[in-house]
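Have a look at the structure first, then read on.

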Amino acid sequence: MGFEYAVDESRLFDGEGQRKYLLAAEAQLFLKTAAQCERATRLFAELLFYTGCRITEGLELTPRRLDTAGKRVVFRTLKRRKLAYRAVPIPACLLRNLLAYAHECAPDDRLFAWSRQTGWRKICAIMEAAGIEGPQATQKGLRHQFGIHAIGMKVPEGTLQLWMGHARVRNTHIYTFAVGSEERALAARMWRGLQ
């Protein structure tokens with residue numbers, strides 16, 4: 001049984017074969033390091049970690065788009081020049097912290113009034129402080145880690161596609177490739193059958 005399209009798993013690796021996603025241990029180290037940052041930076045880092053959002057989507061977040069009833073954040077994104085929204089569930093503690101922080105803003109003010117470059121630099125600074133180096137030490141590394149972790153936790157591809165804001169399921173499908181410890185577990189099961 002084949003796929004109707006070619007999957008480009010190379011998007012998880014750079015031109016030199018280096019992975020562009022965080023391993024679980026690196027992701028936990030990132031969170032632990034972010035917890036030491038000032039409030040706004042910590043919340044921004046946690047938002048990106050727990051939602052897999054793009055950096056510009058995180059920077060566009062306003063208090064009005066914190067969905068308390070659904071325990072989600074609603075991201076605004078521009079897809080092919082059309083405005084689109086998507087809701088992503090978040091942990092209750094992150095929602096509480098974002099709501100407390102949002103009290104300092106008007107309903108339509110951005111929670112994080114930084115430029116894209118400033119947001120990028122803040123995430124890279126956390127990666128550096130955590131000792132994470134390489135192509136995975138970026139916001140995109142967090143986004144890829146979110147996708148890989150979600151697939152590993154059996155989140156259906158269609159749901160993950162919505163959460164990540166992918167226009168095509170093939171963009172989400174790259175995360176189904178077993179990587180890291182998941183790949184080693186599959187190989188170990190295979191080898192047991194040969195011994």
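## A helix tucked inside

Eleven of the 14 residues of helix H6 are buried, so the rest of the structure largely encloses this helix. Keep in mind that you're looking at a predicted model. H6 covers residues 139–152, and from its first C-alpha to its last it reaches 20 Å, close to the 20 Å expected at 1.5 Å a residue.

Which residues of H6 are buried? They are Gln139, Gly141, Leu142, Arg143, His144, Gln145, Phe146, Gly147, Ile148, Ala150 and Ile151. And what covers them? The cover includes helices H1 (24–34), H2 (39–51), H3 (55–59), H5 (116–129) and H7 (157–164), along with strand E3 (82–89).

Just after H6 comes lysine 154, which takes a positive phi of about 70 degrees.

## Rings that pair up

To describe a pair of aromatic rings, you give the distance of the centres and the angle of the planes. This structure holds six aromatic pairs. One of them joins phenylalanine 44 and tryptophan 114 edge-to-face, with 5.2 Å centre to centre and 80 degrees between the planes. This pair links distant parts of the chain: phenylalanine 44 is in helix H2, while tryptophan 114 is in the loop between helix H4 (92–102) and H5, 70 residues apart. Are these two residues buried or exposed? Phenylalanine 44 has 1% relative accessibility, so it counts as buried. Tryptophan 114 has 17%, and since buried means under 20%, tryptophan 114 counts as buried too.

Another pair brings us back to H6. Phenylalanine 146 and tryptophan 163 are tilted, at 6.5 Å centre to centre and 50 degrees between the planes. Phenylalanine 146 lies in H6 and tryptophan 163 in H7, so their pair ties together parts that are 17 residues apart in sequence. Phenylalanine 146 is buried, with a relative accessible area of 10%, whereas tryptophan 163, at 22% relative accessibility, counts as partly exposed.

## A cluster, and charges over rings

Ring pairs also link Phe44, Tyr101, Phe112 and Trp114 into a cluster. Elsewhere, arginine 19 lies over the face of tyrosine 21, at 5.9 Å from the ring centre.

Note on methods. Residues are numbered from 1 along each chain as its sequence is written. This is a predicted model: local features need pLDDT of at least 70, side-chain atom pairs count only at pLDDT 80 or more; totals for chains, interfaces and linings use all residues. Side-chain values use heavy atoms; hydrogens and water are left out. Helices (H or I, at least four residues) and strands (E, at least two) are DSSP runs, numbered from the N terminus. The expected span of a helix is 1.5 Å times one less than its number of residues. Buried means under 20% relative accessible area, exposed over 50%, partly exposed in between (1.4 Å probe, protein chains only). Contact means heavy atoms within 4.5 Å. Rings of Phe, Tyr and Trp (its six-membered ring) pair if their centres lie within 6.5 Å; planes under 30 degrees apart count as stacked, over 60 as edge-to-face and the rest as tilted. A charge sits over a ring if NZ of Lys or CZ of Arg is within 6 Å of the ring centre and within 35 degrees of the ring normal.
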